[in-house]
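Subject: Structure handover

Hello,

Here is the structure I promised to pass on. Please open it before you read the rest.

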Amino acid sequence: MTISNISLVSVWVTDISEAKAFYTDVLGFEEQEDIQLAEDFRWCTVRHPRQPELSVHLTTPGKPLSDDLVAAMQRAQAEGGLPGIGLAVDDCRATYEELTAKGVTFIQPPAERPYGVEALMRDNSGNWMVLVEHRDFDPAAMTVQDLQ
């Protein structure tokens, strides 16, 4: 077996059209596909222009998932309890300022971490997302204070 890479990740959203607008208009992704495959199933993907080999599938909880699972996922969405994706940024503080000016909600402003500068935000479906300005680090050299 040979797996060459990850080509698709799914993000659960509350409204596909609104999520597509957020990912394209606010975050700078590009629409890839948006197809109504059945009355109750829409296939919508976006991708970042600097990483076109990875598609982000924007989808709502629904069939074929069980009604109980759909209800649980919708509760988690309403509470802001679903994770989204991590985004690498060149300058976390500048990206924070730019996205804040566009109305994006941040859970945590940029903060120094052993691996770089990190900020936590929410997409317009309430999913939390991490922005990371990476830097080289040695995990073996980390201390308890680095993790706080």
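Below is what I found, element by element.

Please note that this is a predicted model.

**Annotation**

The UniProt record, an unreviewed entry, carries the annotation "domain: VOC" for residues 5–134. That span is 25% helix and 45% strand. Its end C-alpha atoms lie 21 Å apart.

**Helix 1**

Helix 1 covers residues 16–26. At its start, a side-chain oxygen of Asp15 comes to within 3.1 Å of the backbone nitrogen of Ser17. The buried residues of this helix are Ile16, Ala19, Lys20, Phe22, Tyr23 and Val26. A lysine is on that list, as Lys20. After the helix comes Gly28, with a positive phi near 85°. Most residues other than glycine have a negative phi.

**The largest pocket**

The volume of the largest pocket is about 620 Å³. Its lining takes in 25 residues. Phe29, His48, Leu87, Ala88 and Val89 are the ones nearest the centre. Which elements give two or more residues to this lining? They are strand 3 (41–48), strand 4 (51–59), strand 5 (83–88), helix 3 (92–101) and strand 8 (128–134). By type, the lining holds 13 nonpolar, 6 polar and 6 charged residues.

Thr45 sits in strand 3. Is Thr45 buried or exposed? Its relative accessible area is 1%, so Thr45 counts as buried. Setting aside neighbours within four places in sequence, Thr45 is in contact with Leu8, Glu30, Glu31, Gln32, Glu33, Ser55, Val56 and His57. Three glutamates are among these partners: Glu30, Glu31 and Glu33.

Thr95 is in helix 3. Its relative accessible area is 18%, and buried means under 20%, so Thr95 is buried too. With neighbours within four places in sequence again left out, Thr95 is in contact with Val89 and Leu131.

Trp12, Ile16, Asp40, Phe41, Arg42, Thr59, Thr60, Gly62, Lys63, Pro64 and Leu65 line it. They divide into 5 nonpolar, 3 polar and 3 charged. Ile16 in this lining is also one of the buried residues of helix 1.

Look at Lys63 and Pro64 in particular. A cis peptide bond joins them, with omega about 15°. Most peptide bonds are trans. Pro64 is in the loop between strand 4 and helix 2 (67–78). Both Lys63 and Pro64 belong to the lining of the second largest pocket.

**Ile107**

Ile107 lies in strand 6, which runs over residues 106–113. How does its surface score? The relative accessible area of Ile107 is 42%. Buried means under 20% and exposed means over 50%, so Ile107 is partly exposed. Not counting residues up to four places away in sequence, Ile107 touches Leu120, Met121, Arg122 and Trp128. How far is Ile107 from Met129 in space? The two are 9.3 Å apart, C-alpha to C-alpha, and 22 residues apart in sequence.

Best wishes

Key. Residues are numbered from 1 along each chain as its sequence is written. This is a predicted model: local features need pLDDT of at least 70, side-chain atom pairs count only at pLDDT 80 or more; totals for chains, interfaces and linings use all residues. Side-chain values use heavy atoms; hydrogens and water are left out. UniProt positions are given in the numbering used here, feature names are shortened, and annotations may be inferred rather than shown by experiment. Helices (H or I, at least four residues) and strands (E, at least two) are DSSP runs, numbered from the N terminus. Buried means under 20% relative accessible area, exposed over 50%, partly exposed in between (1.4 Å probe, protein chains only). A polar contact is a pair of N or O atoms within 3.5 Å; within protein, one must be able to donate a hydrogen and the other to accept it, and residues adjacent in sequence count only if both atoms are side-chain atoms. Contact means heavy atoms within 4.5 Å. On a 1 Å grid over the protein atoms alone, a cavity is a set of points where a 1.4 Å probe fits but cannot get out, and a pocket is an open set with protein on both sides within 12 Å along at least five of seven lines; lining residues have an atom within 4 Å of a point. Grid points are joined across faces, edges and corners, and a volume is the space filled by probe spheres set on the points. Ala, Val, Leu, Ile, Met, Phe, Trp, Tyr, Cys and Pro count as nonpolar, Asp, Glu, Lys and Arg as charged, and the others, Gly among them, as polar.
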